[in-house]
Amino acid sequence: MAGQYQKSVRHLQDFASQDNKIAQYQLGLMYRDGLGIEADSKQAHQLWEQAAQQDYGPAAYELRVAYRDGTFVPQSQEKAYEWLEQAVTLEVPQAEYDLGMALAKGKGVEQDTRRAIDLLVSAGRHG
């Protein structure tokens, strides 16, 4: 499998250098996990930022997780929330669910049952 991952990395690097947001996101995952390339969390973060700036929701969600957990970036609930809101705007189901649950419980945000229900229903519709 290592050879296949390395081949994939080369192709993804080509597409990512052409500002392909999906390739940037996927290559970020490969850097994060060290698949076919040496793990490099800083590079993963940069690639996800590039993809998120092109409105790619899964990349915004990965950035949310990184800032929430403080993995390879300083922990920042404020930045985590900003990326979560962007992912919600881009209709990422997991982001809609996460924010919906936080709003329902008032966890880290002011409780808002109406918006919580709307987000949870939307998350269900989006899979």
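Start your tour by selecting Asp 55, which sits in the loop between α3 and α4. You are looking at a predicted model, so treat each stop as a feature of that prediction.

**Stop 1**

Keep Asp 55 selected and check its backbone: its phi is near 65°, a positive value in a residue other than glycine. Is the residue buried or exposed, or something in between? Asp 55 counts as partly exposed, because its relative accessibility is 48%.

Now jump to Glu 91, in the loop between α5 and α6. Here too you will find a positive phi in a residue other than glycine, this time near 60°. With a relative accessibility of 46%, Glu 91 is classed as partly exposed.

**Stop 2: Val 92**

Stay in the loop between α5 and α6 and select Val 92. Val 92 has a relative accessible area of 12%, so it counts as buried. Which residues does Val 92 touch, once those up to four places away in sequence are set aside? Show Gly 57, Pro 58, Tyr 61 and Ala 87, and you have them.

**Stop 3: the largest nonpolar core**

Next, select Tyr 25, Leu 27, Trp 48, Ala 59, Tyr 61 and Ala 95 together. In the largest nonpolar core, which has 36 residues, these six touch the most other members. Color the helices that give two or more residues to this core: α1 (2-16), α2 (21-33), α3 (41-52), α4 (57-69), α5 (77-89), α6 (93-105) and α7 (113-125). Which element gives the largest share? That is α4, with seven residues.

Zoom in on Tyr 25 and look past its neighbours within four places in sequence. Its contacts are Trp 48, Ala 51, Tyr 56, Pro 58, Ala 59 and Glu 62. Remember Glu 62, as the next stop returns to that residue.

**Stop 4: a salt-bridge network**

The model has six salt bridges in total. Select Arg 32, Asp 33 and Glu 62, which are linked in a network of them. Start with Glu 62 and Arg 32, whose closest N and O atoms are 3.1 Å apart. This pair links distant parts of the chain, with Glu 62 in helix α4 and Arg 32 in helix α2, 30 residues apart. Then turn to Asp 33 and Arg 32, where the closest N and O atoms are 2.8 Å apart.

Arg 32 is partly exposed at 34%, and Asp 33 is partly exposed at 40%.

**Stop 5**

Move on to Asp 118 and Arg 114, a salt bridge with its closest N and O atoms 2.9 Å apart. The two are four residues apart in helix α7, so about one helical turn separates them. Asp 118 is partly exposed, with a relative accessible area of 41%, while Arg 114 counts as exposed at 53%.

**Stop 6: the largest pocket**

For the last stop, select Arg 64, Arg 68, Leu 84, Ala 102 and Lys 107. Among the 13 residues that line the largest pocket, these lie nearest its centre. The pocket has a volume of about 360 Å³. Helices α4, α5 and α6 each supply at least two residues of its lining. What classes of residue would you find there? The lining has six nonpolar, two polar and five charged residues.

How values were computed
Residues are numbered from 1 along each chain as its sequence is written. This is a predicted model: local features need pLDDT of at least 70, side-chain atom pairs count only at pLDDT 80 or more; totals for chains, interfaces and linings use all residues. Side-chain values use heavy atoms; hydrogens and water are left out. A nonpolar core is a set of buried Ala, Val, Leu, Ile, Met, Phe, Trp, Tyr and Cys residues joined through side-chain atoms within 4.5 Å. Buried means under 20% relative accessible area, exposed over 50%, partly exposed in between (1.4 Å probe, protein chains only). Contact means heavy atoms within 4.5 Å. On a 1 Å grid over the protein atoms alone, a cavity is a set of points where a 1.4 Å probe fits but cannot get out, and a pocket is an open set with protein on both sides within 12 Å along at least five of seven lines; lining residues have an atom within 4 Å of a point. Grid points are joined across faces, edges and corners, and a volume is the space filled by probe spheres set on the points. Ala, Val, Leu, Ile, Met, Phe, Trp, Tyr, Cys and Pro count as nonpolar, Asp, Glu, Lys and Arg as charged, and the others, Gly among them, as polar. A salt bridge is a side-chain nitrogen of Lys or Arg within 4 Å of a carboxyl oxygen of Asp or Glu.
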